[in-house]
Amino acid sequence: MPERESADQHADARECRESQEHVRALVDRAQNGDREALEELYLIHFDRVYSYLHVSVGNRHDAEDLTTQTFLKMLEAIGRFRWQSAPFSAWLFRIAHNLAMDHFRASKRWQPEEEVPEPDGALASSAEEEALQSIGRKSMLRLIEDLSNEQQQVLTLKFVFNFSNGEAATILEKTEGAVKSLQHRALASLQKRISSS
């Protein structure tokens, strides 16, 4: 039982460290030049930012380079960060996303999708629920490889990193409606592919 208690205590400590209140206090301290607060913000967010960039660009070397650039930009811009509706992590992921898009543009692999109208609410939720039940999280990353980059980004942010539609919209600099539409189209496409296989 001591091992179980230790694991539970470790999980509780991590949850406390990543809580919005703790992150808010760290950001306030970091904006006042506290190096330890900056280091802790880096430690709290490094794994998720690196994972996101690795999924986005597809290789370890570029992901490491872009992760470093993300945190350098965080250092440069943290003084201008303002608390709004989205959490600090969404602001940080927007930096990472923009760097990933710059990376794609530089290599001319990025083609943004045209804006599309938002799907009907009832139709969207039933199609999404069906697709998610069929897919499961583990195979999601393998299945989304053939989707457009924007569809991949939305599904990754929503279902791998658990961001809300609003947070994903902030990161991608899109409207919530555009995020919902991209998500709906991506999941409908995956559902069709799964049904035909």
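In the predicted model, 64% of the contacts in the chain with a separation of 6 or more are accounted for by residues 24 or more positions apart. The chain contains 10 helices and zero strands, and from the N terminus on its elements run α-α-α-α-α-α-α-α-α-α. Of the 197 residues, 44% are buried. The chain exposes about 11500 Å², of which carbon and sulfur atoms supply 48%.

Packed helix pairs are considered next. Two packed helices are described by the angle between their axes and the distance between the axes. For helix 3 (residues 35–57) and helix 4 (residues 60–77), the axes come within 9 Å and cross at roughly 140 degrees. The two helices are therefore oblique to each other, and their crossing is right-handed. Helix 3 contributes Leu 38, Leu 41, Tyr 42, His 45, Phe 46, Val 49, Tyr 50, Leu 53, His 54 and Val 57 to the contact, and helix 4 contributes Arg 60, Asp 62, Ala 63, Glu 64, Leu 66, Thr 67, Thr 70, Phe 71, Met 74 and Leu 75. When these residues are sorted by class, 13 are nonpolar, four are polar and three are charged.

Helix 4 also packs against helix 5 (residues 88–106), at an angle of about 130 degrees and with the axes 9 Å apart. Helix 4 is thus oblique to helix 5. The crossing of this pair is right-handed. On the side of helix 4 the contact involves Asp 62, Leu 66, Gln 69, Thr 70, Phe 71, Lys 73, Met 74 and Ala 77, and on the side of helix 5 it involves Phe 88, Trp 91, Leu 92, Ile 95, Ala 96, Leu 99, Ala 100 and His 103. The classes represented in the contact of helix 4 with helix 5 are 11 nonpolar, three polar and two charged residues. Among the residues of helix 4 listed for the contact with helix 3 are Asp 62, Leu 66, Thr 70, Phe 71 and Met 74, and these residues are also listed for the contact with helix 5.

A further pair is formed by helix 8 (residues 149–160) and helix 10 (residues 176–196), which pack at an angle of about 100 degrees with their axes 9 Å apart. This angle makes helix 8 roughly perpendicular to helix 10. Glu 150, Gln 151, Val 154, Leu 155, Lys 158 and Phe 159 of helix 8 meet Val 179, Leu 182, Gln 183, Arg 185, Ala 186, Leu 187 and Leu 190 of helix 10. Eight nonpolar, two polar and three charged residues make up the contact of helix 8 with helix 10.

Helix 9 (residues 165–172) is mostly covered, with six of its eight residues buried. The buried residues are Asn 165, Glu 167, Ala 168, Ala 169, Ile 171 and Leu 172, and they pack against helix 3, helix 5, helix 8 and helix 10. Just after helix 9, Glu 173 adopts a positive phi of about 55 degrees.

Gln 20 belongs to helix 2 (residues 20–31). With a relative accessibility of 41%, Gln 20 counts as partly exposed. Once neighbours within four places in sequence are left aside, Gln 20 is in contact with Trp 83 and Pro 87. The C-alpha atoms of Gln 20 and Phe 88 are separated by 8.4 Å, although these residues are 68 residues apart along the chain. Phe 88 is also one of the residues through which helix 5 contacts helix 4.

Note on methods:
Residues numbered from 1 in each chain as written. Predicted model: local features only at pLDDT ≥ 70, side-chain atom pairs only at ≥ 80, totals over all residues. Heavy atoms only, no water. Axes fitted to C-alpha atoms, helices over the stretch in contact; angles between N-to-C directions. Helix = DSSP H or I, 4+ residues; strand = E, 2+ residues; numbered from the N terminus. Parallel < 35°, antiparallel > 145°, perpendicular 65-115°, else oblique. Left-handed = near helix turned anticlockwise from the far one by under 90°. Contact = heavy atoms within 4.5 Å. Nonpolar A, V, L, I, M, F, W, Y, C, P; charged D, E, K, R; others polar. Buried < 20%, exposed > 50% of the residue type's maximum accessible area, 1.4 Å probe, protein only. Areas by Shrake-Rupley, 256 points an atom, 1.4 Å probe, with all protein chains shown as cover.
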